[in-house]
Amino acid sequence: MNLKVRVVDGIFINQPKSTSEDARKLNFFCATSWHSAFHSWSSPRKGSKSMKFSFTFLPRSLVTLSLANCNLSHDHIPKDLSMLPSLQHLNLGGNPIHTLPESINSLTLLRSLLLDHCEKLQYLPELPPSLEELDVNNCRSLERITNLPNLYRSLIFRYYGCENLVEVEGAFKLQPIRNIDMEMISALGMFNVESMESFQVQMVNCLTGTLRTTSLQVLHERGIFSIYLPGSEIPGWYSYQNAGPKISFIVNHVQGRTIIGLNLCVVYAFDQSANLSSNDKIFCTPFTHMANRTKGLFWNYSPTFYEIPGEQACNLWLSHWKYVDQLEDGDEVVW
């Protein structure tokens, strides 16, 4: 018989000596496919000993492994997970792990990875391209995910409550303004940056539905750089300005100069008559649409992060778009 499913939920790992009853339960196995559901025991009773557990004894044929709420730290997880080449479903939810080993990427059949309520989890390394489901709900310390396979296609991604998530490599990255190179600061039309470092702003993460107070940040997202500042007037250096939801212009190429991008500045505020609650404001996601009418190209963009304006106040959204290879002299652009 080949072991397909191993469920150890609620059994605390690497504690003193286990009872014979716990040992008997750990030896439970079945020879059916992963679709079968097994709940052979619940959390240990008060006063009972918890069992020891080792990945070493798991068979290579294992398809589903659940170790949720087992007091499992990252030190308990072997560095080489290639010992489980058949694994498709892994549940480590509710454990005090800080990260996963880099070898998680070697699990080329892995479809489901559940890490919800791992409140000490800070970082996820590169995940295998086979992944179809990732659950990091309420991983409140999570800051960085190296990649999200199939993010814009088929990935089921649960992420609510990840209030410190500031980077998904290849998707977005939020950085303090002091960490941004001067070339990009200049492209955004920013000057005297040092005087802004003391600013405190309320940033909404639209992806995770969370709000936090932080220093002034710059968002880099798919070729678009954004920063949010208090203010109600478009700076004078913007060539085309309009009061209203739309603006259009013709690209005029200046001889001897190269187009390095387009800058957009928007003034926005909340409708005070709407009496929005704090939760309502979190879900008021900004949105912009740009079209190159000449070439029939369209871009829709809703930033992952934005700043909430203060009461009776306006904010500026400054952004720099690096779509220079799709703009030529004479093109009509509508924003």
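Mentor: We start with the aromatic rings and then turn to the loops. Keep in mind that this is a predicted model.

First, the rings. A pair of aromatic rings is described by two things: the distance of the centres and the angle of the planes. This structure holds ten aromatic pairs. Take Trp-237 and Tyr-238. Their ring centres are 6.1 Å apart, and their planes meet at 25°. Planes under 30 degrees apart count as stacked, so this pair is stacked. Trp-237 has 47% relative accessibility, so Trp-237 counts as partly exposed. Tyr-238 has 8%, so Tyr-238 counts as buried.

Now take Tyr-301 and Trp-321. Here the ring centres are 5.8 Å apart and the planes stand at 85°. Over 60 degrees counts as edge-to-face, so that is the name for this pair. Where do Tyr-301 and Trp-321 lie? Tyr-301 is in strand β18, residues 297–301. Trp-321 is in strand β20, residues 315–321. The pair therefore ties together parts that are 20 residues apart in sequence. Both Tyr-301 and Trp-321 are buried. They also belong to one aromatic cluster.

Next, the loops. Ser-103 sits in the loop between β3 (89–91) and β4 (112–114). Is Ser-103 buried or exposed? Its relative accessibility is 14%, so Ser-103 counts as buried. Buried means under 20%. What does Ser-103 touch, leaving out residues up to four places away in sequence? The answer is Pro-78, Lys-79, Asp-80 and Leu-81. With Leu-81 there is a further detail. The side chain of Ser-103 reaches the backbone nitrogen of Leu-81 at 2.9 Å.

Last, two asparagines. Most residues other than glycine have a negative phi. Asn-138 has a positive phi, near 60°. Asn-138 is in the loop between β6 (133–135) and β7 (144–145). At 16% relative accessibility, Asn-138 counts as buried. Asn-150 also has a positive phi near 60°. Asn-150 lies in the loop between β7 and β8 (156–158). Its relative accessibility is 17%, so Asn-150 counts as buried.

How values were computed: Residues are numbered from 1 along each chain as its sequence is written. This is a predicted model: local features need pLDDT of at least 70, side-chain atom pairs count only at pLDDT 80 or more; totals for chains, interfaces and linings use all residues. Side-chain values use heavy atoms; hydrogens and water are left out. Rings of Phe, Tyr and Trp (its six-membered ring) pair if their centres lie within 6.5 Å; planes under 30 degrees apart count as stacked, over 60 as edge-to-face and the rest as tilted. Buried means under 20% relative accessible area, exposed over 50%, partly exposed in between (1.4 Å probe, protein chains only). Helices (H or I, at least four residues) and strands (E, at least two) are DSSP runs, numbered from the N terminus. A polar contact is a pair of N or O atoms within 3.5 Å; within protein, one must be able to donate a hydrogen and the other to accept it, and residues adjacent in sequence count only if both atoms are side-chain atoms. Contact means heavy atoms within 4.5 Å.
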